[in-house]
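Have a look at the model first, then try each task before reading its solution.

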Amino acid sequence: MLASLGLLAAQRGEHDQARARFAEGLPLLRGGDDQWDLALLLLNSGLEEAQAASPAAGALLADALRAWQQLRGTAGVAFALAGLGEIAAGRGQPHRAGQLLGAGQALLPATHPLLRVRVPYDLPAKLAAARTAGDPVAFDRGMAEGQAWTIDQAVAAGLATTADPDADVE
């Protein structure tokens, strides 16, 4: 219920309220058996926190990335990587941002049920913003690299990014 209220708030542009509802719902789902709902809530919460440039975003998106990997949810992995790429762009890391956003874009199927039930996330707009936020050449090089990664390479890079935000992902 709280997750649904958070999603509705996010879709209406009420991002502070969405973040609060997601934060309330996480402890309730973390101890339960519904791993799909937990993965979705972690993703929604992480994307909202990333949009707000919150320090909590990276950990939430890393948890979401792990959860979606276990569920074999390619679209969830793609969105988590995109969120981590957005964080890297905000940290002034255009190459890493390109890698993670490129991997997310390459993994995201054009039509997937998750696209209809997630927090509004405009991937093309995030790509454009990340590219112009830093060095476009480094971003484009990273984007090409990330688009060529396998899902396992992309997950490993995303998790390495959260473990050591200043390490270079090659």
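**Exercise 1.** Decide whether Trp-36 counts as buried, exposed or partly exposed, then find its aromatic partner.

*Solution.* Start with the cut-offs: buried means under 20% relative accessible area, exposed over 50%, and partly exposed in between (1.4 Å probe, protein chains only). Trp-36 has 39% relative accessibility, so it counts as partly exposed. Next, recall that this is a predicted model, where local features need pLDDT of at least 70, side-chain atom pairs count only at pLDDT 80 or more, and totals for chains, interfaces and linings use all residues. Residues are numbered from 1 along each chain as its sequence is written, and side-chain values use heavy atoms, with hydrogens and water left out.

Trp-36 and Trp-68 form it, edge-to-face, at 5.6 Å centre to centre with 85° between the planes. (Rings of Phe, Tyr and Trp, the last by its six-membered ring, pair if their centres lie within 6.5 Å; planes under 30 degrees apart count as stacked, over 60 as edge-to-face and the rest as tilted.) Trp-68, at 3% relative accessibility, counts as buried.

**Exercise 2.** Work out which helices hold the two Trp residues, and what the pair ties together.

*Solution.* Helices are DSSP runs (H or I, at least four residues), numbered from the N terminus. Trp-36 sits in helix H3 (residues 35–51) and Trp-68 in helix H4 (residues 57–71), so their pair ties together parts that are 32 residues apart in sequence.
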